[in-house]
Amino acid sequence: MTIAVLPRQSSPGGGRGLVVGLARRGTLAATGWSPQQPLSGMRCLSREAFAAAQPLARGWGVETALTIDLLRGGYRVVEVPCALQHRVSGTDLRAQLHRAAQYRDVALALAQRHLADRLGRLRRTGG
(Lines give C-alpha, C1' and ligand atoms only; values in the text may rest on other atoms or scores of the structure.)
Protein backbone atom coordinates (compact mmCIF):
# COMPACT_ATOMS: atom_id res chain seq x y z
CA MET A 1 0.00 0.00 0.00
CA THR A 2 1.23 3.48 -0.77
CA ILE A 3 0.20 6.50 1.24
CA ALA A 4 0.38 10.03 -0.18
CA VAL A 5 2.42 12.45 1.92
CA LEU A 6 1.22 15.97 1.20
CA PRO A 7 3.41 19.06 1.42
CA ARG A 8 2.62 21.91 3.80
CA GLN A 9 -0.80 23.16 2.74
CA SER A 10 -1.27 26.68 1.38
CA SER A 11 -3.73 27.54 4.16
CA PRO A 12 -3.12 26.33 7.71
CA GLY A 13 -5.60 24.04 9.43
CA GLY A 14 -7.15 24.70 12.78
CA GLY A 15 -6.22 21.46 14.50
CA ARG A 16 -3.63 20.93 17.21
CA GLY A 17 -2.37 17.57 15.97
CA LEU A 18 -4.16 15.48 18.60
CA VAL A 19 -5.74 13.03 16.15
CA VAL A 20 -2.58 12.76 14.03
CA GLY A 21 -0.54 12.16 17.18
CA LEU A 22 -2.91 9.46 18.41
CA ALA A 23 -2.83 7.68 15.04
CA ARG A 24 0.97 7.95 14.77
CA ARG A 25 1.63 6.72 18.33
CA GLY A 26 -0.94 3.93 17.97
CA THR A 27 0.60 2.74 14.70
CA LEU A 28 4.09 2.86 16.19
CA ALA A 29 3.00 0.89 19.26
CA ALA A 30 1.20 -1.72 17.17
CA THR A 31 3.76 -2.16 14.40
CA GLY A 32 7.05 -0.45 15.24
CA TRP A 33 6.60 1.94 12.28
CA SER A 34 5.88 5.67 12.63
CA PRO A 35 4.12 7.15 9.59
CA GLN A 36 4.62 10.79 8.62
CA GLN A 37 0.96 11.29 7.76
CA PRO A 38 -1.02 8.46 9.36
CA LEU A 39 -4.39 9.97 8.45
CA SER A 40 -3.73 10.53 4.76
CA GLY A 41 -6.71 9.08 2.94
CA MET A 42 -4.96 9.16 -0.40
CA ARG A 43 -3.85 5.55 -0.68
CA CYS A 44 -3.33 2.94 -3.32
CA LEU A 45 -3.40 -0.75 -2.52
CA SER A 46 -3.64 -4.01 -4.35
CA ARG A 47 -6.84 -6.02 -4.45
CA GLU A 48 -5.05 -8.69 -2.37
CA ALA A 49 -4.10 -6.14 0.30
CA PHE A 50 -7.63 -4.74 0.34
CA ALA A 51 -9.05 -8.23 0.86
CA ALA A 52 -6.54 -8.89 3.66
CA ALA A 53 -7.65 -5.74 5.48
CA GLN A 54 -11.31 -6.80 5.69
CA PRO A 55 -13.39 -5.94 7.58
CA LEU A 56 -12.46 -2.27 7.36
CA ALA A 57 -12.58 -0.15 10.48
CA ARG A 58 -15.46 2.28 10.82
CA GLY A 59 -15.40 5.91 9.84
CA TRP A 60 -12.27 7.94 10.39
CA GLY A 61 -10.37 4.98 11.86
CA VAL A 62 -10.03 3.26 8.49
CA GLU A 63 -6.63 4.74 7.55
CA THR A 64 -4.96 3.88 10.84
CA ALA A 65 -6.47 0.40 10.88
CA LEU A 66 -5.49 -0.28 7.25
CA THR A 67 -1.88 0.60 8.00
CA ILE A 68 -1.73 -1.56 11.13
CA ASP A 69 -3.56 -4.53 9.65
CA LEU A 70 -1.47 -4.62 6.49
CA LEU A 71 1.86 -4.21 8.27
CA ARG A 72 0.92 -6.97 10.70
CA GLY A 73 -0.16 -9.11 7.75
CA GLY A 74 3.30 -8.85 6.22
CA TYR A 75 2.43 -6.32 3.53
CA ARG A 76 4.71 -3.42 2.64
CA VAL A 77 3.50 0.11 3.33
CA VAL A 78 5.33 3.05 1.76
CA GLU A 79 4.75 6.78 2.03
CA VAL A 80 5.16 8.70 -1.24
CA PRO A 81 5.49 12.49 -1.54
CA CYS A 82 2.67 13.97 -3.64
CA ALA A 83 2.30 17.62 -4.60
CA LEU A 84 -1.39 17.86 -3.74
CA GLN A 85 -3.44 20.44 -1.88
CA HIS A 86 -6.68 19.76 -0.05
CA ARG A 87 -9.27 21.73 1.85
CA VAL A 88 -8.23 21.95 5.48
CA SER A 89 -10.77 22.35 8.23
CA GLY A 90 -10.88 25.51 10.28
CA THR A 91 -11.46 26.28 13.94
CA ASP A 92 -15.23 26.72 14.10
CA LEU A 93 -17.55 24.40 16.02
CA ARG A 94 -18.23 22.21 12.99
CA ALA A 95 -14.48 21.66 12.48
CA GLN A 96 -13.99 20.83 16.15
CA LEU A 97 -16.84 18.30 16.06
CA HIS A 98 -15.26 16.77 12.95
CA ARG A 99 -11.96 16.37 14.83
CA ALA A 100 -13.74 14.85 17.81
CA ALA A 101 -15.35 12.24 15.52
CA GLN A 102 -11.95 11.50 13.97
CA TYR A 103 -10.41 11.04 17.42
CA ARG A 104 -13.23 8.73 18.51
CA ASP A 105 -12.92 6.52 15.44
CA VAL A 106 -9.11 6.31 15.53
CA ALA A 107 -9.21 5.49 19.25
CA LEU A 108 -11.84 2.81 18.61
CA ALA A 109 -9.81 1.23 15.79
CA LEU A 110 -6.71 1.16 18.01
CA ALA A 111 -8.63 -0.27 20.96
CA GLN A 112 -10.14 -3.03 18.83
CA ARG A 113 -6.70 -4.07 17.58
CA HIS A 114 -5.24 -3.96 21.08
CA LEU A 115 -8.08 -6.12 22.42
CA ALA A 116 -7.67 -8.60 19.56
CA ASP A 117 -3.95 -8.85 20.39
CA ARG A 118 -4.67 -9.53 24.05
CA LEU A 119 -7.29 -12.15 23.27
CA GLY A 120 -4.93 -13.84 20.81
CA ARG A 121 -2.20 -14.02 23.46
CA LEU A 122 -4.64 -15.44 26.00
CA ARG A 123 -5.74 -18.15 23.57
CA ARG A 124 -2.15 -19.10 22.79
CA THR A 125 -1.17 -19.34 26.45
CA GLY A 126 -4.41 -21.00 27.55
CA GLY A 127 -5.04 -18.24 30.09
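**Asp105 and its charged partners**

Asp105 forms a salt bridge with Arg104, and the closest N and O atoms of this pair lie 2.8 Å apart. The model is a predicted one, and every value here is computed from it. Arg104 counts as partly exposed because its relative accessibility is 45%, which lies between the limits of 20% and 50%. Asp105, in contrast, counts as buried, because its relative accessibility is 2%, and buried means under 20%.

Asp105 has a further partner in Arg58, with which it forms a salt bridge whose closest N and O atoms are 3.2 Å apart. This pair links distant parts of the chain, since Arg58 sits in the loop between helix 2 (47–52) and helix 3 (62–72), whereas Asp105 belongs to helix 4 (residues 93–125), and the two are 47 residues apart. Arg58 is partly exposed, at 44% relative accessibility. Through shared partners, the salt bridges join Arg58, Arg104 and Asp105 into one network. In general terms, side chains of opposite charge can pair when their charged atoms come close.

Helix 4 also carries Arg113, which forms a salt bridge with Asp69, the closest N and O atoms being 2.8 Å apart. Here too the pair links distant parts of the chain, with Arg113 in helix 4 and Asp69 in helix 3, 44 residues apart. Arg113 is buried, because its relative accessible area of 11% falls under 20%, while Asp69, at 21% relative accessibility, counts as partly exposed. The count for the model comes to 4 salt bridges, among them the pairs Asp105 with Arg104, Arg58 with Asp105 and Arg113 with Asp69.

The largest nonpolar core has 8 residues in all, namely Met1, Ile3, Ala49, Ala53, Val62, Leu66, Leu70 and Val77. Helix 3 provides the largest share of this core, with 3 residues. Val62, one of the core residues, touches Leu56 and Ala57 when residues up to four places away in sequence are not counted.

How values were computed
Residues numbered from 1 in each chain as written. Predicted model: local features only at pLDDT ≥ 70, side-chain atom pairs only at ≥ 80, totals over all residues. Heavy atoms only, no water. Salt bridge = Lys/Arg side-chain N within 4 Å of Asp/Glu carboxyl O. Helix = DSSP H or I, 4+ residues; strand = E, 2+ residues; numbered from the N terminus. Buried < 20%, exposed > 50% of the residue type's maximum accessible area, 1.4 Å probe, protein only. Core = buried A, V, L, I, M, F, W, Y, C linked by side-chain atoms within 4.5 Å. Contact = heavy atoms within 4.5 Å.
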